[in-house]
Amino acid sequence: MAELRRLELVSSTHEKQESVVQTIAVLGVGRVGSAVARTALAAGYDTRVAGSGAAEDIELLAEIVIPGARAMTATDAVSDADLVVVAVPLSKYRSVDASMLAGKTVVDAMNYWPPVDGQIADFEEDIASTSEVVSRYFSGSRVVKTLNHIGYHELEDDGAPSGTAGRRALAIASDDEAAAAAVQDVLDRFGFDTVYAGPLATGRAFEPGTAIFNGAFSQNDLLRELELNLHPTH
Amino acid sequence: MHEASPLGMELGVYSFGDTQRNADGTLRATAEAIANLHEAIVLADAVGLDYFGVGEHHTVDMPASSPGAMVAAAAGATQQIRLGSSVTVLSTDDPVRVFQQFATADAISGGRVEITAGRGSSVESYPLFGYELSDHDQLYAEKLDLLMTLNSGERTSWCGSVRSGIDDLVVVPRPVQGSLPIWLGTGGSAPSTVRAGRLGLPVSYGIIGGIPARFGRLADLYRATAQRSGHHGPNIKVSAGTFGLIAPTKKDAVDRFYPGWRNLQLLMTQRRHWPEPERARYEEQTHAPFAYYVGDPDDVAERIIDLYRHLGHMRHFFQMDLGGLPHEHFLEAITLLGTEVKPRVQRLIDRL
């Protein structure tokens, strides 16, 4: 009855069609972007980072805080990247050029958190999940919501090899199952199990304020939490 | 290895004010919290601590909303301690007024006053003073620029977009030492670190969770950015503010800090949807390598030095009074920090 699936089922379906991610571009070098980029490097990905500010500042920042990452302009960073992680403050998502992300698999790691960041009209006036709003802006991209519900330092601490008992799991939502499957493989190399929650609309189940956002769960527990949130009558 | 300060490690306290609680959990008067805070600063001075930072929060449980007033009162009641804000939410204040208030307190203190400017961790000041949180970046950048301009000389000319320009006007009183130390306070993002380095301002990290040693790479980035921007000398320095409480034993400290920590977490659960507090998670945080410097004097002194090895900071100051910590426990922790932790830290530093 549950519509939730473990993503490996989806993944196996698309295995032959999806090229394996080798290059990851991270847009944003704040706490989240830096942590994602370091995690990507540790997992062996060719990692590019881009941030606002002078190029020389970003280069030095990458050299010291994200050693191994290559600092580039956003356009260069994403141009041949297999996966793009958008980790800018949500209030600035429109500062990212949507056209350069056309056709790309884009991870939306952003959160709408008015008590801390203030209200943003785009998200106050729209009842859709935040990633659906973001996805309409990145309309040519295959948007995947994940990485938003793990703390930036937990990302570097909680990862474990595949098969580790009780390994922490992350939720994934996307309207594009092949893109979700590609992201699942990446998160596995990052050190996390995954659960595919469904289309982007299901991303509301792990937005700020939810049990999933606030907690840390193994795959089975995350599956149950998602079912509780998305199908409360079952 | 980082450059060692010949003075060793400065130790201190910071507080947003902590409204005491009645037995039934209801909050007591905010005026009492301010009086308690003043008493704590005077004690910190008397026991030989180096620094006390105040504010800025605007909530009933944390009522130290006016660091300038608090620092001015303390300036007249203390002898040697350095006094500052932690932080001044500059985006929602007028830099001219901030500068005048702190320069006035500086005159009263004989030159012991500093300003730490930052975004702050609370957002209540935005609606209170009629600002939009979404304008934060522009407000902060311009107001920091104005504050630095005011600090650089008696006559100021400045123009920007967030307030009217200033055409060759006098801003007094002038600081006793010629200028006020202005720090940039941040929770530890790399871009804020770059900003501090570029501007050549000392940087103050608020480390309220995670593994503090990880701030070492940010401190490296700060120093490298400052150097590349042509900033050298004593103004390029790092301080760290963390949670902490000292008691005669580790167990006492952990037990004393917990109820207030839990109260704070519960408030944040309501206000910001933080997770429900858990005792086990709390206790984990009170041990190395984590971020709560809650312990006996030996434990806290050793962990300060451990962080020093990573951060090279010249000042470590603690937020102790949280969520209705009994005032006597706050005062005892301040006394222990000055009389027990400080000499231990100095001995450990001398051995490095």
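**View 1. Two cavities of 30 Å³ or more turn up in this predicted model.** A cavity here is a set of points on a 1 Å grid over the protein atoms alone where a 1.4 Å probe fits but cannot get out. Volume is the space filled by probe spheres set on those points, with points joined across faces, edges and corners. As it's a predicted model, local features need pLDDT of at least 70 and side-chain atom pairs pLDDT 80 or more, while totals for chains, interfaces and linings use all residues. Residues are numbered from 1 along each chain as written, chains are lettered from A in the order written, and side-chain values use heavy atoms, leaving out hydrogens and water.

**View 2. The largest cavity holds about 60 Å³ of space.** Its lining (residues with an atom within 4 Å of a point) includes Asp18(B), Asn36(B), Asp321(B), His327(B) and Phe330(B). α1(B) gives the largest share, three residues. By class, it's four nonpolar, four polar and two charged, with Ala, Val, Leu, Ile, Met, Phe, Trp, Tyr, Cys and Pro taken as nonpolar, Asp, Glu, Lys and Arg as charged, and the others, Gly among them, as polar.

**View 3. The second largest cavity has about 40 Å³ of space.** Val32(A), Ala35(A), Leu147(A), Gly151(A) and Tyr152(A) are among the residues lining this one. The lining counts seven nonpolar residues, one polar and no charged ones.

Key
1 Å grid on protein atoms, 1.4 Å probe; cavity = no way out; pocket = protein on both sides within 12 Å on 5 of 7 lines; lining within 4 Å. Helix = DSSP H or I, 4+ residues; strand = E, 2+ residues; numbered from the N terminus.
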